[in-house]
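My notes follow the order in which I checked things.

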Amino acid sequence: MHTELKVNGTTHKLDHDPRLTLLDALRDHLELTGSKKGCDHGQCGACTVLVNGRRVNACLSLVAMHDGDQVTTIEGLGNPENLSDLQAAFVKKDGYQCGYCTPGQIMSATGMMEEAKAGAPSHVSPDLAGEVSLDDAEIAERMSGNLCRCSAYPFIREAIAMAAE
Ligand code: FES
């Protein structure tokens with residue numbers, strides 16, 4: 001099969017097995033290893049990337065479904081000399097322990113903040129849809145698809161709240 005992807009602003013043409021996942025395409029074909037493989041079953045969120053601005057578990061998605069799509073990975077957000085606001089907030093608030101889930105957490109939080117701004121409803125605080133300022137329960141609910149085995153959740157939520165200010 002042939003699929004054309006724009007990843008972090010660069011167009012890539014892939015010839016691939018139809019069963020290739022987006023995660024394996026990114027990691028094994030494009031050498032973008034920031035997106036992590038945790039469960040490989042859509043349960044941990046370590047593989048979260050943005051596809052056309054929306055959060056996607058890359059392990060659950062076949063790359064063939066994304067012909068022409070724009071994909072953003074952690075490598076596209078910032079770099080050590082120029083961190084995104086969320087990346088800087090994670091550093092400032094120690095929003096990690098081992099760090100394995102961190103790229104997925106940051107990509108998910110990036111997409112989540114855009115969803116909140118766009119008015120996507122939340123189960124916890126439906127009235128907050130459309131607000132950029134997110135309280136702790138709101139952040140926890142909107143980030144519930146991203147697991148942290150080290151349980152750094154309070155620091156992760158603090159970092160997201162700081163970036164959302
Ligand atoms: Fe994709 Fe866990 S590796 S959700």
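**Helix H3 and its surroundings**

I began with what lies around helix H3: its buried residues pack against strand S3 (48–51), strand S4 (54–57), H2, helix H4 (136–142) and helix H5 (153–164). I note here that the model is a predicted one.

Next I looked up the length of H3. The helix has 16 residues and reaches 22 Å from its first C-alpha to its last, close to the 22 Å expected at 1.5 Å a residue.

Then I asked how many residues of H3 are buried. I found twelve of the 16, so H3 is largely enclosed by the rest of the structure. I wrote down the buried residues: Thr-102, Pro-103, Gly-104, Gln-105, Ile-106, Met-107, Ser-108, Ala-109, Thr-110, Gly-111, Met-112 and Ala-116. Just after H3, I noted that Gly-119 takes a positive phi of about 90°.

**H2 against H3**

I turned to the pair formed by helix H2 (residues 85–92) and helix H3 (residues 102–117). They pack at an angle of about 130°, and their axes are 10 Å apart. The crossing of H2 past H3 is right-handed.

Which residues meet here? On the H2 side I listed Leu-86, Gln-87 and Phe-90, and on the H3 side Thr-102, Ile-106, Ala-109 and Thr-110. I sorted the residues of this contact into four nonpolar, three polar and no charged.

**H2 against H5**

I then checked H2 with H5. Their packing angle is about 135°, with the axes 8 Å apart. H2 and H5 are therefore oblique to each other. H2 passes H5 in a right-handed crossing. From H2, the contact uses Asp-85, Leu-86, Ala-89, Phe-90 and Lys-92, and from H5 it uses Ala-159, Met-162 and Ala-163. I sorted the residues of the contact of H2 with H5 into six nonpolar, no polar and two charged.

I picked out Ala-88, which is found in helix H2. Is Ala-88 buried, exposed or partly exposed? I counted 15 other C-beta atoms within 10 Å, so Ala-88 is partly exposed. I also looked up its separation from Met-162: Ala-88 and Met-162 are 74 residues apart in sequence and 9.7 Å apart in space, C-alpha to C-alpha.

**Helix H1**

In helix H1 (residues 22–29), I found that Leu-22, Leu-23, Asp-24, Ala-25 and Leu-26 are buried. Strand S2 (10–15) is included in what covers the buried residues of H1. Just after H1, Glu-31 takes a positive phi of about 55°.

**A residue in a loop**

Where is Gly-68? I placed Gly-68 in the loop between S4 and strand S5 (70–72). Gly-68 has 10 other C-beta atoms within 10 Å, so Gly-68 is exposed.

Notes
Residues are numbered from 1 along each chain as its sequence is written. This is a predicted model: local features need pLDDT of at least 70, side-chain atom pairs count only at pLDDT 80 or more; totals for chains, interfaces and linings use all residues. Axes are lines fitted to C-alpha atoms, for helices over the stretch in contact, and angles run from 0 to 180 degrees between N-to-C directions. Helices (H or I, at least four residues) and strands (E, at least two) are DSSP runs, numbered from the N terminus. A crossing is left-handed if the near helix is turned anticlockwise from the far one by less than a right angle, and right-handed if clockwise. Two residues are in contact if their C-beta atoms, placed from the backbone, lie within 7 Å. Ala, Val, Leu, Ile, Met, Phe, Trp, Tyr, Cys and Pro count as nonpolar, Asp, Glu, Lys and Arg as charged, and the others, Gly among them, as polar. A residue is buried if 20 or more other C-beta atoms lie within 10 Å of its own, exposed if 12 or fewer, and partly exposed in between; C-beta atoms are placed from the backbone. The expected span of a helix is 1.5 Å times one less than its number of residues. Angles under 35 degrees count as roughly parallel, over 145 as roughly antiparallel, 65 to 115 as roughly perpendicular and the rest as oblique.
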